[in-house]
Amino acid sequence: MARNPYEKCLERAHRVNWRIDEVLGDRRFDPDRDWLPPALSGAAAMPFLRPCEQRMMTHVEMASYAHLFGYAEEFVAPMVLELAAETNVWERGTFEALTNFAAEEVKHMAMFRQLRGRIDEQMGFPLEQLGDVEASVAQVRSKHRASVLLLTACIEWFTQRHYRECFHDDERLDPFTRHVFKCHWLEESQHAQLDTLETRRAFVRMNEEERDRAFDDLIDLVDIVDGWLQEQARADTRNFTRYTGRELGDAEREAMRTALLEAKRHTFLITGVTHPRFLELFADVAGEAQQARVNEALLARLPSLAEAERAEAA
Ligand SMILES: [Fe+2]
Ligand SMILES: [Fe+2]
């Protein structure tokens with residue numbers, strides 16, 4: 001009988017747990033379908049592409065979407081392992097839930113690595129993906145742990161939103177892609193809850209000065225993630241050219257890079273920072289001045305978020 005939220009998460013985690021071979025099996029992607037839902041893709045903002053080229057763009061984008069999850073899990077897994085190690089083993093529910101959370105992220109990293117191999121094989125060449133993961137993990141983990149927990153909460157909550165709002169009901173999408181992200185969503189659902197609990201726990205122990213530092217670091221983390229998205233948007237432009245053989249003029253290449261970056265910022269930052277559960281957590285741990293500082297930083301970095309706010313205010 002579950003007694004606390006950690007134990008409830010653990011029970012559910014055990015119920016939905018999957019093996020990598022069950023998820024991937026010998027499934028293949030359907031090249032005649034979209035691989036990423038329209039809400040997460042920049043393809044529709046590239047009117048100079050033919051419909052079949054827009055579809056191929058979603059293949060390139062899904063490859064980097066999957067890669068970026070595995071990339072982020074590289075810093076989430078060791079952080080959660082550290083949280084588990086700091087927990088008294090006799091607090092069984094908490095210790096087991098956190099250990100299981102870390103183990104699931106390690107499994108997701110392996111699953112996404114295998115998936116990338118399958119994508120490369122089907123697309124016919126090794127796609128250029130964001131690299132230097134060791135340096136990126138070191139950079140993220142040099143920031144205050146509470147800020148990394150908040151960034152992780154943002155990621156875990158947008159994973160929930162993407163599946164429910166974009167993948168779940170889209171019958172036109174490639175069935176293998178939907179299956180992979182359904183399985184990921186099932187396990188991430190517990191991560192979102194556990195990360196939220198751990199973020200609250202971290203902030204309760206901190207004084208005001210330390211909280212200020214954590215929010216400065218959170219803004220740095222947004223810049224780090226945005227740097228990854230900018231690099232991946234450039235790489236995806238090259239991946240598209242190689243995949244399709246389509247020659248692009250300078251103006252088209254720039255329009256493609258801009259549309260890709262916009263879609264990635266929406267996908268990896270905006271759908272997280274506007275998720276109701278993330279907003280609730282953020283309001284609980286940040287004072288008014290800290291909230292204002294972070295919001296101002298987000299609006300300065302994310303033009304489409306600023307536009308949406310202006311439209312709402314009008
Ligand atoms: Fe994951
Ligand atoms: Fe996760």
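## Helix packing and core of a predicted model

Leaving aside neighbours within four places in sequence, Cys154 is in contact with Gly272, Val273 and Phe278. Keep in mind as you look around that this is a predicted model.

Together with Val80, Cys154 touches the most other members of the largest nonpolar core, a set of 81 residues. Several helices supply this core: α1, α3 (51–85), α4, α6 (145–167), α7, α8 (208–244), α9 (250–273) and α10 (276–285) each give two or more residues. Which of these gives the largest share? That is α3, with 17 residues.

As a reminder, two packed helices are described by the angle between their axes and the distance between the axes. Here are the pairs side by side:

| Helix pair | Angle between axes | Axis distance |
|---|---|---|
| α1 (residues 5–16) and α7 (residues 175–204) | about 165 degrees | 9 Å |
| α7 and α10 | roughly 10 degrees | within 10 Å |

Let us take α1 and α7 to begin with. Their angle is about 165 degrees, and angles over 145 degrees count as roughly antiparallel, so α1 and α7 are roughly antiparallel to each other. Their crossing is left-handed. On the α1 side, the contact is made by Pro5, Tyr6, Cys9, Arg12, Ala13 and Val16, while α7 brings Leu186, Glu187, Gln190, Gln193, Leu194 and Leu197. Sorted by class, this contact holds eight nonpolar, two polar and two charged residues.

Now for α7 and α10, whose axes cross at roughly 10 degrees. Because angles under 35 degrees count as roughly parallel, α7 is roughly parallel to α10. Here α7 contributes Thr196, Thr199, Arg200 and Phe203, and these meet Arg277, Leu281, Asp284 and Val285 of α10. The residues of this contact divide into three nonpolar, two polar and three charged.

Finally, a backbone detail. Most residues other than glycine have a negative phi. Asp132, however, has a positive phi, near 50 degrees. Where does Asp132 sit? You will find Asp132 in the loop between α4 (92–123) and α5 (133–141). Is Asp132 buried or exposed? Asp132 has 10 C-beta neighbours inside 10 Å, and a residue with 12 or fewer counts as exposed, so Asp132 is exposed.

Note on methods
Residues are numbered from 1 along each chain as its sequence is written. Chains are lettered from A and ligands numbered from 1 in the order in which they are written. This is a predicted model: local features need pLDDT of at least 70, side-chain atom pairs count only at pLDDT 80 or more; totals for chains, interfaces and linings use all residues. Axes are lines fitted to C-alpha atoms, for helices over the stretch in contact, and angles run from 0 to 180 degrees between N-to-C directions. Helices (H or I, at least four residues) and strands (E, at least two) are DSSP runs, numbered from the N terminus. Angles under 35 degrees count as roughly parallel, over 145 as roughly antiparallel, 65 to 115 as roughly perpendicular and the rest as oblique. A crossing is left-handed if the near helix is turned anticlockwise from the far one by less than a right angle, and right-handed if clockwise. Two residues are in contact if their C-beta atoms, placed from the backbone, lie within 7 Å. Ala, Val, Leu, Ile, Met, Phe, Trp, Tyr, Cys and Pro count as nonpolar, Asp, Glu, Lys and Arg as charged, and the others, Gly among them, as polar. A residue is buried if 20 or more other C-beta atoms lie within 10 Å of its own, exposed if 12 or fewer, and partly exposed in between; C-beta atoms are placed from the backbone. A nonpolar core is a set of buried Ala, Val, Leu, Ile, Met, Phe, Trp, Tyr and Cys residues joined through C-beta atoms within 7 Å.
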